[in-house]
Structure formats: C-alpha cells, structure tokens
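The sequence and the structure come first, and the text then follows them.

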Amino acid sequence: MADQTKRAPSLGASLAERIRGAIISADVDLGEALSEDALAAAFGVSRTPVREALRLLQTQGLVSVVPKSGTFVFSPGEADIVELCEYRSMLEVKAACLAFERARAETQAALAAALGEMQAAAAADDMKRYGRADMAFHLAFFAQCGNRYLTQAYDMCLGRVSALRTHLAVLSPGEPARSLADHARMVALFGGHDAEDLAEILDRHIRRTRENYIEALQGRLRAAAAADPRARLRRKLGVG
C-alpha cells in the first residue's frame with residue numbers, strides 16, 4: 001500500500017509563502033529589491049533556502065531576477081495589467097457561470113460572507129483586510145465551479161492578481177464604493193434563477209479594475225519621478 005502521508009513543505013517553500021504574503025499584503029513594495037543576505041538574516045536561515053524561495057516566487061511571476069543586479073518584486077507595466085485582466089476575465093466569467101449552474105446556493109453563501117467582510121473592512125478603513133475579503137469573493141467562483149482545470153489556470157496568476165489588488169486598487173478614486181456595489185449586485189444575482197447579466201457585470205467590473213490599476217500605476221510613476229532629484233533636474237533643464 002502506497003504511503004499516503006503528505007510530505008511537509010521544504011524550508012524554501014515555507015519561506016516563499018511568507019515572502020509571497022508580504023508582497024500580496026503590500027508589506028513589500030512593487031519593484032522593491034529583495035536581498036538574499038537581508039532575507040537570510042531576517043529569517044535566521046542560510047542563503048540556500050532563500051534562493052529556493054526566490055526561484056519559486058519567480059515561477060509564480062511575483063519576482064524578477066535581473067542578472068548582475070539582483071532580485072526584485074515584479075513591477076507591472078500597463079501592458080502587463082491589460083493582459084492579466086483579460087486573462088482573469090476569461091477565467092472568472094466562465095467559473096462564475098459554472099458556479100451559478102452547479103452550486104448556486106453554496107456560491108451565494110460564500111459570496112455574501114465575503115461581501116460582509118468587505119463592507120466591515122471598508123467601514124474600518126482597513127484596505128489590507130478589504131483586499132483579502134475581495135480575493136475570497138472571487139475565489140468562491142472557482143471553489144464552486146466544479147472544474148479543476150479552470151482553478152489551476154487561475155492559480156497561475158493568483159499571486160499577481162492579489163498583489164495588484166492590494167497595491168493599486170486602494171489608490172483608485174471612487175473605490176471601494178463602486179467595487180462594493182458591483183459585488184452586491186453579483187450576490188443578488190446568485191439569489192435568483194437568471195444569470196443573464198452575470199457575465200456582463202463581472203466582465204465590466206474587471207475592465208473597470210483594469211482602468212483603475214492603470215490610473216493608479218501612472219500616479220505611482222509620477223510620484224516616483226517627482227521624488228527623484230535627477231528627474232527634477234532633468235525637468236528644470238528641459239532634458240528627457
């Protein structure tokens with residue numbers, strides 16, 4: 001009989017989860033350098049498991065290794081955001097429709113619980129908590145869609161989706177009020193028997209999220225340029 005005991009995750013995998021959590025929760029900024037020595041000292045380990053952790057995060061698209069420069073948290077451009085949101089919409093819309101067909105009541109219960117947490121977090125002005133609840137809301141579609149291939153495909157981009165939600169969504173004007181209204185409409189739809197508007201609402205929600213992220217990214221870049229003395233000098237000299 002085969003051994004059914006699950007193997008404990010390696011130290012590198014455990015460190016990867018901790019670093020991933022720091023990236024997603026915005027404790028570590030987009031584009032920030034990740035020093036192997038600093039991480040090893042912070043965790044009280046050698047550099048070997050840190051290297052393993054960073055390799056794992058690289059496969060998830062959460063860090064980039066730049067030869068002769070080091071390892072950095074991913075820093076998306078506008079094209080990255082557009083492509084990621086297109087991919088996300090394709091998967092989420094299908095998962096939501098399948099969840100409506102196959103597990104409507106269970107999905108609505110999960111969505112309603114996540115929405116309640118989002119509302120409480122917004123009232124407390126706790127945007128990290130809000131981001132976690134928002135992620136739980138959208139993951140409910142995949143938990144109930146009954147298609148493991150859809151879920152696995154979404155897992156490939158989940159880290160980036162979650163990180164962008166935390167880092168950029170909070171910078172968007174009019175949020176989270178508009179987002180809450182969209183989520184409430186989706187909960188209401190799952191309480192009925194007609195999902196005709198579900199795909200349209202969810203796709204529109206993600207498209208607006210895309211525009212919000214791009215606007216927030218542009219704001220971050222402007223702020224970074226204003227804080228860079230070299231950029232200020234270039235502006236004064238009319239260069240660049």
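## Cysteines and helix packing

The sulfur of Cys145 lies 11 Å from the closest cysteine sulfur, that of Cys97, which is too far for a bond. The model is a predicted one, and a disulfide would require a pair of cysteine sulfur atoms within 2.5 Å; by this rule the count comes to 0 disulfides. Cys157 is likewise in no disulfide, since the nearest cysteine sulfur, that of Cys85, is 9.5 Å away.

Two of the cysteines named as neighbours, Cys85 and Cys97, return in the packing of helix α4 with helix α9, where they are among the contact residues on the α4 side.

| Helix pair | Residues | Angle | Axis separation |
|---|---|---|---|
| α4 and α9 | 78-102 and 198-227 | about 160° | 9 Å |
| α5 and α8 | 104-123 and 177-190 | roughly 155° | within 9 Å |

Because an angle over 145 degrees counts as roughly antiparallel, α4 and α9 are roughly antiparallel to each other, and their crossing is right-handed. On the α4 side the contact includes Glu78, Ile81, Val82, Arg88 and Phe100, while the residues they and their neighbours meet in α9 include Leu198, Leu202, Ile206, Tyr213 and Gln218. By class, the contact of α4 with α9 has 14 nonpolar, 3 polar and 5 charged residues.

The helices α5 and α8 are also roughly antiparallel to each other, but the crossing of this pair is left-handed. The contact is made by residues of α5 that include Arg104, Gln108, Leu111, Leu115 and Met118, together with residues of α8 that include Leu180, His183, Val187 and Phe190. Sorted by class, the contact of α5 with α8 has 9 nonpolar, 5 polar and 1 charged residues.

Gln218 lies in helix α9 and, at 31% relative accessibility, counts as partly exposed. Along the chain Gln218 and Ala121 are 97 residues apart, and their C-alpha atoms are separated by 26 Å.

Note on methods:
Residues numbered from 1 in each chain as written. Predicted model: local features only at pLDDT ≥ 70, side-chain atom pairs only at ≥ 80, totals over all residues. Heavy atoms only, no water. Axes fitted to C-alpha atoms, helices over the stretch in contact; angles between N-to-C directions. Helix = DSSP H or I, 4+ residues; strand = E, 2+ residues; numbered from the N terminus. Parallel < 35°, antiparallel > 145°, perpendicular 65-115°, else oblique. Left-handed = near helix turned anticlockwise from the far one by under 90°. Contact = heavy atoms within 4.5 Å. Nonpolar A, V, L, I, M, F, W, Y, C, P; charged D, E, K, R; others polar. Buried < 20%, exposed > 50% of the residue type's maximum accessible area, 1.4 Å probe, protein only.
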